[in-house]
Amino acid sequence: MFQFVVDVALRACDLMLIAVGMSAVYSLMKFPNIALAQYAAMGAFLAIVLQRAGLPLVPSSIVAVLIVGVVAVLLNRVLFERMLAIGSSTAMIGSLAVSMVISAIFLVIIGPSPARFNLEITRPLRVLGARITEHQVLSLGITAAAISVFAILLFKTDLGRCMRATATNNLLADATGIDTRKTKTAVVAISACLAALGGIIITMKGEVNIQTGLDLLLPVFSAAILGGLGNPLGAVGGAIVIAMAETLITNVNFGPILGQDLVFLPAAYATAGSFVILVLTLLWRPRGLFISEVKRV
Amino acid sequence: MFDFLIHVLIMCCLYSMLALSLNLQVGFGGLMNFGQIALFGCGAYGAALAYKYDLGFASGILIAVGLSAFVSWAFAGIGRNLQSDYWGIATLALAEVVRIIVTNEGWLTGGAQGISGIKPLLPELSGRSQQLGNLAICGAVLLVALLACMRLTRSRYGLGLKLMREEPQLAQSVGYDIMSLKRGCMIFSGFIAAAAGFIFAHYITFVGPDQMFSSETFLIWAMIVIGGLGNHFGAVFGAFLLQFIFAFIPFVKDMLGLPTEFVAAMRLVLIGGGLIGFILWRRTGLFPEKVGGRADG
Amino acid sequence: MKRLLTYAILVAGLAGSAHAKDVTIGAIIPLSGASATQGEDQRRGMELALEKINVNGGVLGGKLSIITEDSAGRAPTALDAAKKLVTVDNVPVLIGEFSSGITIPVGEYIAQQKKVHLNVASTSIDVRKIKGDFYSVIGLDDVSGAFSAQDAIDRGAKKVAVIAPNNAYGQGIADAFAKKFKELGGEVAASIMYTEGQTSYRRELQQLEKSAPDMYVYTAYGKESATINREAFELGLTDTPWYAMYITMCTADSDPKYIEGQIGMDLNYVGPSGADYQAAYKKQYNGDFLSTFNGFAYDAVMMAAAAINKAQSDDPAAIAAALAEIGKKYDGVTGEIAFDDEHQRVTQPYLKLKIASGKVASN
Amino acid sequence: MAEPVLKISGVAKSYGANQVLKDINLEVGAQEIVGLLGPNGCGKSTLLNLSSGFARADAGSIIFGGHDITAWGVERIAQAGLVRTFQLPSMPHRMTVAEVLRAADSRGVQFKTMFAPDRSSMQEVDALLEGLSLSHVRNLPAGSLSGGQKKLLSIALALRTNPKLICLDEPTAGVHPNLRHSMVQLLRRVSERGIALLIVEHDMHFIRELCSRCVVLDRGEVIANCVPASLTSNERVVEAYLGSARDKGAIA
């Protein structure tokens, strides 16, 4: 049973940081930024390249995260702000296009083979009957820490207050003297950094290839929408619900019902499951689980 | 060279149908469909299933029509009260669910191996005359689809679609049933996409889930954005343009002696970069929408 | 950087040989998309073969060259490429593609056009449906799956859990394995087809674990096998024996620590001429095989050249006739190649292998 | 009075803890022009939203043309003949004025008419534009019109649906004084065609000139229902306006 909890936690931690980033950037920019999933892959690739160049893991990760933050701000200034002036749907298509170009860059520079960190591998530890490796514990820790830092930032600092004010009412925030453009830039940078960190954490537990970003896109969207796009901490809950559903779908044995020993749904249906949850959420509570519905008139 | 040209033209016609269909949804109805390839898949699998279970050509058309009507209806249904960007994500997710089901339910669909050996459309012809026959069929179907689309958008139904795209609230307040407009638009354009899939299946004589990756949808998006949203000729032109470029990139590669990876990267850069460029610098595409239209006089 | 360098060398190489108008054959392989690693490996095999042929006098007194097209792992793109190669470049012989789902439609087109088609990677038994001058240089899944099943039984397995990619290759080989394994009295307790390209396969592995097998049987491409091996290790599944179908491909990208002690089978490319080939590959690309597919691509090019020389013509029909003659018994780097009535490779020598001290060794 | 075209009885509506409307009763007779007045936030717009289907009443019933439309959707109500205009009408940028007018007649637009040529009479559209003195903008994008022109256009759109009752949300707010006069003329002509009007308005001159009856709302309740002339002598009305909206000076 505890293994189930561990599995859910690990999967949730795959999605969580990127989903929180997605939600945060939506709260201010008001469009779903598809390129964010690519920022995750970019962070991982950069960190690997830096590690290969001789930097230890921690500094190379930090540098990679910062670079991705800068890239995100630049892309936002050069492209997304202009696209957003046309409309949020246009910006969404634009972000899709940007992620395709990023794919092409990966293809040319890194090539199609997967990449991995150079890490010492250990046998799994046994905790309450569940198997978990040091890297997994570490990744859970980093995720928890990053989310906590983000929450403190959001609720305890001036920047957080500006963010929340701008998210609630851009015009009003502008009128009260908040520099909304600066606030938005900060959020773009922070969300990209979160996504990059998320990508590094996933890669710490496995590997990254040029498909990783696009493969993550829909599960991350599911988590972010379930939590309510624009409600960053809701995405934490969304990621946990998605992870739970995915793990349940593949862990339930239908054998006894069908009179056989073992019958599982194909594991591919785990992702399908999260997409179905996404669609159902949109049908039932379009604004997500954790936002109370206010009907516009 | 001549035969290659015919092949390219056939592919142009098929993609033009997909572009026309998506343009009707996006350009006229304002429906941001990111699951277009699922509709194409309905047509392709209609042909394939009819072949696999030996049901004959006519029932293949029936299956294709039935499947595409159902999927379009479901797409429209989840859009009941969703913002367009949310709806886009939902359609992307649904198309992936369709692909996952097709991949995993091998007893019905042949699974990942797909269904091969489908009879060509003109089995009694062979060689070049068969190719010319195929081209004639594709051209004729494209022409019918184009005329039908033009007629549709000149009808009051088409005006209603445009009004819905621009001001849904206004459309409602003068008595348009938004859901019924969406459903009609999706189902009709679904038929065009399914027709393309149906012919495609008979043309390349093979259908598999690999033909239903979302990247295909993005390609069609690039075609209509470059061609001009809300302009039928633009959609067709965009499809021809991109197909021709893709078909002839390998020749450029041969001529300049570039590595083959160049082709792959170029494809992504052209789609992504094309989208970005046109969004930023020529939002109306090569053929801007005609405000007012011809039927105005 | 290294890639860029490779490009430069390639460009220079191609430019140098461009003026020789001699015999040109075509190849369609996935150089982008999900199977790009295998496609790259195929390209290397063909490149080595081409060099060897042209150093040794070429074909018909001139030079042999290959036009390679990317299929992007998409049937439409592959078909575009096939039509270009056939109708524009007018090649008599085509090699490719990688996945069966693409080889079949391409094969049917090439058969229609009455050209020679050499299949170097698609092992689905469905390729038997392609008529015309279609030759499989690689043994189909019925051959390799059956061999693996016998081998697993010989090594004492009674109850196995199978995991293979959910594509034409994986489904084909898993079915062939299960059929033979059951015939031999074994039990396949669980069989899972995994989706390619995921970041984790923990779920699949945990499902397998629940069936409590006495041996895990798997086959996976380099990209995914690295993840699978790592997670099997992390889940402690490696305490049970692991059997790899095509062990070189399955372990190529994995950390030695995870795969220590794995057993498995692979193609025998260490025949008399195979050893030289392996050495040449190592020297040229500075590393071990990326997958098992380069050898077949190599053999295909070599056989095509031999057939062209034997036919003394670049006419497809003549080449096909010569190829059928050569294909009665050809000594390739992947072992002896002989075709059956349907032009499919009948025998394929396999090796029983294991991983010892991080290296593939014979058992 | 003959059978009223619109009959609102006992309607209540709350948003959260805020009760916007309580037990509203209101009737509009056929061909009648009724003004709906009240200080800001008194619930006028909510009442309009409830009648036109943009919001649902918590209690009470709304009868229109003999049908209980309380739970109907916007489009069904509009098809039945009750249309509304918006205070700040927003118009399509990629459709011309003529196109929008042609589109506005949604009757009979269904699946089966998908490919039927648009038979809407251009003469009718042109006559409408003529009547509104908007002929010169006929082929301009509707979104490029001025605020006042948009208001005129939205009344024309409402007329195109062949309505029995039009609810107007502040037709004169932000409209140039020159246009105001033609607005009055237009609405008179509309009324002469047998169409009833329910007008939410602040401008007393406008109301006096046009309306045969006035209903005044305050804090979600009807406080007066009389002819416009007697408004100033109604204590509650005076109190409501002077008490809460003295600065507005709306009562002349």
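The accessible surface of chain A comes to about 11,600 Å², with areas taken from the Shrake-Rupley method with a 1.4 Å probe and only the protein chains shown counting as cover for residues. Carbon and sulfur atoms hold 68% of that surface. The model is predicted, so local features need pLDDT of at least 70 and side-chain atom pairs count only at pLDDT 80 or more, while totals for chains, interfaces and linings use all residues. Residues are numbered from 1 along each chain as its sequence is written, chains are lettered from A and ligands numbered from 1 in the order in which they are written, and side-chain values use heavy atoms, leaving out hydrogens and water.

Chain A contains 12 helices and two strands, these being DSSP runs (H or I, at least four residues, for helices; E, at least two, for strands) numbered from the N terminus. Along the sequence, the pattern reads α-α-α-α-β-β-α-α-α-α-α-α-α-α. The radius of gyration of chain A is 20 Å, close to the 19 Å given by the globule rule for 297 residues, so chain A is as compact as a globular protein of that length. Here the radius is taken over C-alpha atoms, and the rule is 2.2 Å times the number of residues to the power 0.38.

Of the 297 residues in chain A, 58% are buried, meaning under 20% relative accessible area (1.4 Å probe, protein chains only).

Chain C and chain D have no contact, and their closest C-alpha atoms lie 33 Å apart.

Note on methods: Contact means heavy atoms within 4.5 Å. Buried means under 20% relative accessible area, exposed over 50%, partly exposed in between (1.4 Å probe, protein chains only).
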